[in-house]
Amino acid sequence: MTRKALLGTAAVLLLVAAGIAGVKVARSLEPPAAPEVEIPEAFRKRPRVVALVEFSSDPHSAQYLEGVKSEAASLGLSLEVMDAHHDRKGMADLLNNAVLQKVDGILVSHGDPELLHRGVERAVAGGIPVVAFDNDRLGAEIPKIDQNDRKIAEIALTRMLADTHGHANLVLVWVPGYAPMEKRMETYTRMMAAAPEVHEIERFGKVTANSALQTEVAMTEVLKRHPKGTIDAVWATWDEFARGASSAIRKAGRAEIKVYGIDVSNEDLEMIQDPASPWVATVGCSGAAVGRVQVRMLGYRIAGRRVPSSYSLEPVLVAREMLPGPDKPVSLETLAQFVPAFADSEDFTEPWVMALKKMSATHPKDRSRP
């Protein structure tokens, strides 16, 4: 080989070497691969979960159930919904059935704690985790979630007192026997004791398969007993009550009466946006957010993680002046644009939870992937 050829070959080899070195340098500058998140052993299969609800016929409860379903799907849970349709004794039977099936977890929404107590004891004895919504008396070992009902009542009543300047004839719509109602009434009793110029002139309420219609009928009778100018406000401890009372007031042409409610749904927002509606403000949390957080809490329990014995979402005031006019309808999906505090909760989202969500989105059938 000639000297010229040797020099050419050497130059080529130097360029190749430099290229290899460059590749090595470039690779060394790449960030290290993220460590894999360890999925809890209980989620290597598809855990079976039951959502046991006393009712789901009203919009807020239906939204709660939609939140449960969507979050269960995103975590790869196999979900069965058991709806008691307002039958509290039947709800206890459904709970016993879920325990006999040896499911991996149970969500409870509302219900009579006395009737559910024995079934919950069986679940605990069988190692089945339970998380309850709006039922405080199922046992100290059962984690519970609520909407901070004492604060809900305080926000709603504070708004009503401000609007009436602390002078009002008030109609109260509520019903005993439900944990959230009982807690709201504790706040009502305390605040009304400090507001001597607010006079409760009527009190009624009943939970049925159509509570809004039942309330409308009862409120119509109240309006007949109290002529125009003798009622200033209605405080309804549930949006079904607020919806029914508002309908009766509007049909009677009693525009001087204002309604203050609790809970938020798309139907509620439509009524509050309407300038002709007596319903001017409500307080609550997203029902779907409640369901999603409760599912994640149960996921933690299935995975053997600890959760607090009680957890409350933060309620938010939603008043007519916060919203655009009726020509621009607002829904739960867009409400945060106008009421920024009305947002979803990010609690109980450790990395393994987010990894499960990603895994369920990309490989919904395969639970063996890391």
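Which way is the crossing of α8 and α9 handed? It is left-handed, a label given when the near helix is turned anticlockwise from the far one by less than a right angle, with clockwise being right-handed.

Before going on, a word on what you're looking at. This is a predicted model, where local features need pLDDT of at least 70, side-chain atom pairs count only at pLDDT 80 or more, and totals for chains, interfaces and linings use all residues. Residues are numbered from 1 along each chain as its sequence is written, and side-chain values use heavy atoms, leaving out hydrogens and water.

**Stop 1: the helix pair.** Select residues 239-251 for α8 and 266-273 for α9. Helices here are DSSP runs (H or I, at least four residues), numbered from the N terminus. The two axes come within 11 Å and cross at roughly 40°; they are lines fitted to C-alpha atoms over the stretch in contact, with angles running from 0 to 180 degrees between N-to-C directions. That makes α8 oblique to α9 (under 35 degrees is roughly parallel, over 145 roughly antiparallel, 65 to 115 roughly perpendicular, and the rest oblique).

Now show side chains. Asp239, Arg243 and Ser246 of α8 meet Glu267, Asp268 and Met271 of α9, contact being heavy atoms within 4.5 Å. By class, that is one nonpolar, one polar and four charged residues.

Stop 2: Zoom in on aspartate 268 and arginine 243, whose closest N and O atoms are 2.6 Å apart in a salt bridge (a side-chain nitrogen of Lys or Arg within 4 Å of a carboxyl oxygen of Asp or Glu). The partners sit 25 residues apart in the chain. Aspartate 268 counts as buried at 0% relative accessibility, and arginine 243 is buried too, at 10%. Buried means under 20%, exposed over 50%, and partly exposed in between (1.4 Å probe, protein chains only).

**Stop 3: α5 to α6.** Pick glutamate 154 and arginine 190, a salt bridge with closest N and O atoms 3.7 Å apart. Glutamate 154 lies in α5 (residues 149-164) and arginine 190 in α6 (residues 179-193), so the pair ties together parts 36 residues apart in sequence. Glutamate 154 is partly exposed, at 38%.

**Stop 4: a network.** Finish by selecting Asp136, Asp146, Asp149, Lys183 and Arg184, which are linked by salt bridges. The salt bridge count for the model comes to 25.

Note on methods: Helices (H or I, at least four residues) and strands (E, at least two) are DSSP runs, numbered from the N terminus. Ala, Val, Leu, Ile, Met, Phe, Trp, Tyr, Cys and Pro count as nonpolar, Asp, Glu, Lys and Arg as charged, and the others, Gly among them, as polar.
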